[in-house]
Amino acid sequence: MRLEAKYRWLPTPFRSLLLFLVWLLLNNTVALGHIILGLVLAIVIPLITHPFRTKQPLVVRPFRAIKHLMLVLYDILTANIEVAIKILGPTKKLKPGFVKVPLDLQEAMPITILASTVSLTPGTVSAEVYPWPETLEDENEACQKFLLIHVLDLDNEEALIATIKSRYEAPLKEIFEC
């Protein structure tokens with residue numbers, strides 16, 4: 001049973017809790033009137049906006065997500081140092097290029113997180129995800145998706161693809177159980 005089906009009057013309980021806490025923090029008070037108004041807003045806003053929400057896969061392994069976040073932060077730190085060394089050296093040795101990474105992910109949210117992760121890591125930028133569902137003739141058609149990445153210094157395309165797939169895509173498949 002999906003989480004949303006269990007909570008008819010509270011379709012997104014975590015979002016409601018977050019709205020309630022943010023309301024209290026923004027008002028900087030725990031007066032009864034603000035608590036009541038915060039609860040009303042925390043229930044009404046998700047009820048009104050829920051029909052407009054796009055269904056996304058649920059995070060089924062939150063601790064794996066935290067571990068993945070720590071890995072990404074570490075990679076950002078080390079990549080910053082590597083890029084600084086490469087840029088401070090002779091720039092004529094840099095070999096920029098584009099790499100087309102085949103994706104196993106199909107859902108929009110995990111693909112967006114993967115593209116953002118690649119872009120956050122210095123030396124690489126996500127350029128495009130294709131084909132996107134809007135470009136397909138049949139909405140239900142499953143197709144191979146690719147992430148186009150621009151790399152500052154491309155030594156080995158196959159090694160880069162393998163690294164992205166094992167280091168970033170595989171954990172996202174586990175986190176969202178794709």
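Which residue of β3 does Val-99 stand opposite? In this predicted model, in which local features require pLDDT of at least 70 and side-chain atom pairs count only at pLDDT 80 or more, totals for chains, interfaces and linings use all residues. Residues are numbered from 1 along each chain as its sequence is written, and side-chain values use heavy atoms, with hydrogens and water left out. Val-99 stands opposite Ile-149 in β3.

The protein contains six helices and three strands, defined as DSSP runs (helices H or I, at least four residues; strands E, at least two) and numbered from the N terminus. Along the sequence these elements follow the pattern α-α-α-α-β-α-β-β-α. Of the 178 residues in the protein, 29% are buried, where buried denotes under 20% relative accessible area, exposed over 50%, and partly exposed the range in between (1.4 Å probe, protein chains only). Among contacts in the protein with a separation of 6 or more, 75% are accounted for by residues 24 or more positions apart, a contact being heavy atoms within 4.5 Å.

The three strands form an open sheet in the order β1-β3-β2, with antiparallel pairing; two strands are taken to pair if DSSP finds at least two bridges between them. Because β1 and β2 stand at the edges, each with a single partner strand, one side of each is left without a neighbour in the sheet. Neighbouring strands of this sheet are turned by 25 degrees against each other on average, direction ignored. Strand β1 (residues 97-103) pairs with β3 over seven bridges, and Phe-98 stands opposite His-150 in β3. Strand β2 (residues 124-130) is joined to β3 by six bridges; here Val-129 has Leu-147 as its bridge partner, and Tyr-130 stands opposite Phe-146. Strand β3 (residues 145-151) has five of its seven residues buried, and is therefore largely enclosed by the rest of the structure.

Beyond its neighbours within four places in sequence, Leu-147 is in contact with residues including Val-99, Val-101, Leu-103, Leu-114, Ala-115, Val-118 and Val-129.

Helix α5 lies across β1, β2 and β3 and runs at about 155 degrees to β2, with angles running from 0 to 180 degrees between N-to-C directions and axes being lines fitted to C-alpha atoms, for helices over the stretch in contact. Helix α6 packs on the sheet, touching β1 and β3, and its direction makes about 45 degrees with that of β1. The axes of α5 and α6 come within 10 Å and cross at roughly 145 degrees. The contact involves Met-109, Pro-110, Ile-113, Leu-114, Thr-117 and Val-118 of α5, together with Ile-164, Tyr-168, Glu-169, Leu-172 and Phe-176 of α6.
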